[in-house]
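This briefing is for a reader who is new to the structure shown below. It takes up a disulfide, a sheet and the cavities in turn.

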Amino acid sequence: MSRRLAFLALAALLPLSAAAQTPAEIDRRVEDLLGRMTLEEKIGQLHLGSNGPGFRPDQVRRGFVGGLMNFNDAPDVARVQAMAREGRNGIPLLIGLDILQGFRTIFPVPLAQAASFDPAMAREAAAIAAREASAAGVNWTFAPMADLSRDPRWGRAVEGSGEDPLMNRLFTAARVEGFRAGGLATSLKHFVGYGGAIGGRDYDVSEIGPGDLRDLHLPAFKSGVEAGAETVMASLNALDGVPGAVNEAMLNGVLRRDWGFRGFVVSDWDGVKELMAHGVAADGAEASRRALMAGVDMDMESGLFVRHLPDEIAAGRVPVSRVDEAARRILRIKMEMGLFGRPDPDPVAASRAIMLPESRAKARAAARDSMVLLTNRGALPFAPGVRSIALVGAMAGNGADQLGPHAARGWPDESVTIRRGLEERAGRAGVRVAYAPGCDAECRTTEGFAEAVRAAGEADVVVAVMGEPRTQSGEGASRVSLDLPGRQGELLDALIATGKPVVVVLMTGRPLLLGPRLDRVAGLVMAWYPGTEGGPALAELLFGDAAPSGRLPVSWPRHVGQVPLTYNRLPSGRPSAPDNRFTLGYMDESLEPLFPFGFGLSYTAFAYSDLTVLTPRAGVEDEIRVRVRVTNTGTRAGREVAQLYVRDPVATRSRPVRELKAFEAVRLEPGESREVTFRVAASDLGFHLTDGTFVVEPGAFQVWAGGDARAALEGRFEVVGGLRRAAR
Ligand code: NOJ
């Protein structure tokens, strides 16, 4: 093995601090380097440029650029790193890219991964993505997204882990660990409250009360910091009128002072420049000054730091010590990552690191474990009598949409489409598949409907792949409607009218509504954007080679007018009473979701019994243990996600009607029964008062165990003592 290959192999195995230097040694080296740098060079480190029209090789060569984004090929990265070495100090570049669900081998989108209720899978997906990307010379991902998103109209909900703060915490930490293990630095984004953009409108403001901010939105960022995130990205949007890039209380206060974060803060794309449009800075100079002083260390793309900070410093409006501090933080991360002296990426090694068969196999398993079976009227798995399938839907036949938005370097040609996956599996069983897309992915015309209907009429079962092409999901893809876009609803009506059983497979990043059609379909599978191996994964489930086991990480509304709708809402002083209109609810729609959080069907059934609270009285330092028996009462093996919910019925501030506090997946053979013991630290039952004080209040708690947020098996325990920690 060549030395370079040996290094790459080693780098892939070691965490980022592979350089094996003590923090004190790193600090010494950073100070030494800083001492040799000019002010211009230090400010240069604060600039993150991008591939594209604004790319300035001359600036890189002079050492006036700290990082570059959107370079993702080994030769390109090697070229720009060589340019950086021409600078007086030869400081290596951070090479950043949005790597979310994969680099080349694409896993299911982050929200789908959450549906597996398996953070270890998300950790592994991140590690594989990171290994592929770092072999190509990328060393920094703008991920994970830790925003708690509770509004499916917001397209970016697809990038997160759903509506629940515990899930968000666990998945965020797992992803940080995975990316780091694979050799990438991470950027927790978007600090903070972006997921609360009102109306689900991307880039709009967030209005989040101080208690909810600390209880719901901050915990995932904290867990990401604790997992070792090197950088944090300031949100583009404003929280209570304060844009993320000038939110000093959050950046310098919560993040640095309270949590001890030692990495650096990067703005989002043009986030410094947009301070002017936000109306908090009159010009670029003020925007730069305010962002830097609020705690932003690196300016993504706008170039305003480079343009204005020299004058701001000369005029005494920005202390040079603040520039030193920001440059110090950036250099320290570069040294901790071992970027100095790291060999350039080697194209041959990079091409050998991608799309490994074992990575594909993991992506397939992840896709299978994250799909959620929502409705099944006996259509699934396919019975032996099914000899022919009509496959409808453009997204079943193109390899691009299944990769989802932000698919880094995922190549549509390398996807195994649903069409191919189904044809191959059906072929082995001697089952015919007739493919008729019906319309293109946007489904704006009906010309192809007749052929699809004909195919449906000739088949034993219809599989209709519908949803949102990936351009209708992710950033800038907010919607007012949760209906099937384009004319897909009409297509579905026409398929249903054939009288053949129709299984709808949704490819999308948010719950979509079928309306009354839902009662007429034979099955509904939420496949999300399942990634490179989505086709075979779906085929395994449809044919019953494996049983579905994904569970919803979001509440699925009945009507778009209900959103935001979450299972863990706060109680009302007027709890819903069906026969009293002056209680919580709507006149024209139920308050209940269509499918609750945590819900998903299997090909078998599970029963819960014998709930026992093993710790009826617990102190705040203790762990609460609750045991329950889970039994597979059906005739097939399956994986159940057992869930534990808690409520604090009387507290200083209203507590949610239910909160997920623990879950555990169990695989059970038919008739098999197993005890699951959930463990919850009593300190996890705490919450924040509106002044920021954290409290665990003594008293009685209710607890439920079951297979979704409606879990009915109930117990009680008591917390004695209590805890109170003042906000700093
Ligand atoms: C803007 C997005 O908000 C952010 O999430 C992303 O990392 C950057 N663009 C860079 O692509």
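The torsion about the S-S bond of C439 and C443 is about -95 degrees, so this disulfide is left-handed. The model is a predicted one.

**Disulfide**

- The bond joins C439 to C443, with an S to S distance of 2.1 Å.
- Two cysteine sulfur atoms count as a disulfide when they lie within 2.5 Å, and by this rule the count comes to one disulfide.
- C439 has a relative accessibility of 11% and therefore counts as buried, since the cut-off for buried is under 20%.
- C443 is also buried, and its relative accessible area is 0%.

- Strand β3 covers residues 94–97 and pairs with β4 in the parallel sense, over two bridges.
- In the pairing with β4, G96 has W140 as its bridge partner.

**Largest cavity**

- The largest cavity holds about 110 Å³ of space.
- Its lining consists of 14 residues, and those nearest the centre of the largest cavity are S149, R150, D151, P152 and V554.
- By residue class, the lining of the largest cavity divides into six nonpolar, four polar and four charged residues.
- Two domains contribute to the lining of the largest cavity: domain 1 (3–340) and domain 2 (349–562) each supply at least three residues.

**Second largest cavity**

- The volume of the second largest cavity is about 80 Å³.
- The second largest cavity is lined by 13 residues, and Q45, G63, A84, G90 and I91 are the closest to its centre.
- The lining of the second largest cavity is made up of six nonpolar, five polar and two charged residues.

Definitions and conventions
Residues are numbered from 1 along each chain as its sequence is written. This is a predicted model: local features need pLDDT of at least 70, side-chain atom pairs count only at pLDDT 80 or more; totals for chains, interfaces and linings use all residues. Side-chain values use heavy atoms; hydrogens and water are left out. Buried means under 20% relative accessible area, exposed over 50%, partly exposed in between (1.4 Å probe, protein chains only). Two strands pair if DSSP finds at least two bridges between them. Helices (H or I, at least four residues) and strands (E, at least two) are DSSP runs, numbered from the N terminus. On a 1 Å grid over the protein atoms alone, a cavity is a set of points where a 1.4 Å probe fits but cannot get out, and a pocket is an open set with protein on both sides within 12 Å along at least five of seven lines; lining residues have an atom within 4 Å of a point. Grid points are joined across faces, edges and corners, and a volume is the space filled by probe spheres set on the points. Ala, Val, Leu, Ile, Met, Phe, Trp, Tyr, Cys and Pro count as nonpolar, Asp, Glu, Lys and Arg as charged, and the others, Gly among them, as polar. Domain bounds come from an automatic or database domain assignment.
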